[in-house]
Amino acid sequence: RVFLRAVNQFTSVLNRFFLGPNDFELQLWNNYFHLAVAFLTHESLQLETFSQAKRSKIIKKYGDMRKEIGFKIRDMWYNLGPHKIRFIPAMVGPILEVTLVPEPELRKATIPIFFDMMQCEFNFSGNGNFHKVRGAIYTK
């Protein structure tokens, strides 16, 4: 829970100080996404692997932290605006990892990111297609 709170503080700082056209820091944003995905996919948070009693106890005490960080990943992706193109195709694999977590709400929240990536590449790549996203999905 402490780690999740720290990541939430990081998101606030990223949005406030490192999102503008003149102060965008690609490496910070890249680190954020990879950190959030690593947290979300960590084996200790995969509630499906626990007994029903243990799962219920964890959810009652902490909630499903995967959903919280997953929704934050989604929101941060959409906050990127025109900077999204700089994360294509590198973020296809990490977002795919998130969508493979067997949590329906999380999937509903993150699968649209792939469509957004395709739209972004189609609109901003200059070549009017989404070959990079498609290729990365095939590869992963």
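## Helix packing and aromatic pairs

H1 and H4 are roughly parallel to each other, because their axes cross at roughly 10° and angles under 35 degrees count as roughly parallel. This is a predicted model.

**H1 against H4**

- Helix H4 covers residues 65-79, and H1 covers residues 2-17.
- The two axes come within 11 Å.
- On the H1 side, the contact is made by Leu4, Val7, Asn8, Thr11, Leu14 and Asn15.
- H4 contributes Met65, Glu68, Ile69, Lys72, Met76 and Asn79.

**Aromatic pairs**

- A search of the whole structure finds nine aromatic pairs.
- One of them joins Phe3 and Phe39, with 5.0 Å centre to centre and 35° between the planes.
- The Phe3–Phe39 pair links distant parts of the chain, 36 residues apart.
- Phe3 sits in helix H1, while Phe39 sits in helix H2 (residues 26-41).
- Phe3 counts as partly exposed, because its relative accessibility is 37% and the class runs between 20% and 50%.
- Phe39 is buried, because its relative accessible area of 12% falls under the 20% limit.
- Phe24 and Trp29 form a stacked pair, at 6.0 Å centre to centre and 20° between the planes.
- Both Phe24 and Trp29 are buried.

**Aromatic cluster**

- Seven residues are listed in one aromatic cluster: Phe10, Phe24, Trp29, Tyr32, Phe33, Trp77 and Phe87.
- The stacked partners Phe24 and Trp29 are among the members of this cluster.

**Charge over a ring**

- Lys54 lies over the face of Phe50.
- The distance from Lys54 to the ring centre of Phe50 is 4.5 Å.

**Cis peptide bond**

- The peptide bond from Ile88 to Pro89 is cis.
- Its omega is near 10°.
- Pro89 is found in the loop between H4 and helix H5 (92-99).

Note on methods:
Residues numbered from 1 in each chain as written. Predicted model: local features only at pLDDT ≥ 70, side-chain atom pairs only at ≥ 80, totals over all residues. Heavy atoms only, no water. Phe/Tyr/Trp six-rings, centres within 6.5 Å; stacked < 30°, edge-to-face > 60°. Helix = DSSP H or I, 4+ residues; strand = E, 2+ residues; numbered from the N terminus. Buried < 20%, exposed > 50% of the residue type's maximum accessible area, 1.4 Å probe, protein only. Lys NZ or Arg CZ within 6 Å of the ring centre and 35° of its normal. Axes fitted to C-alpha atoms, helices over the stretch in contact; angles between N-to-C directions. Parallel < 35°, antiparallel > 145°, perpendicular 65-115°, else oblique. Contact = heavy atoms within 4.5 Å.
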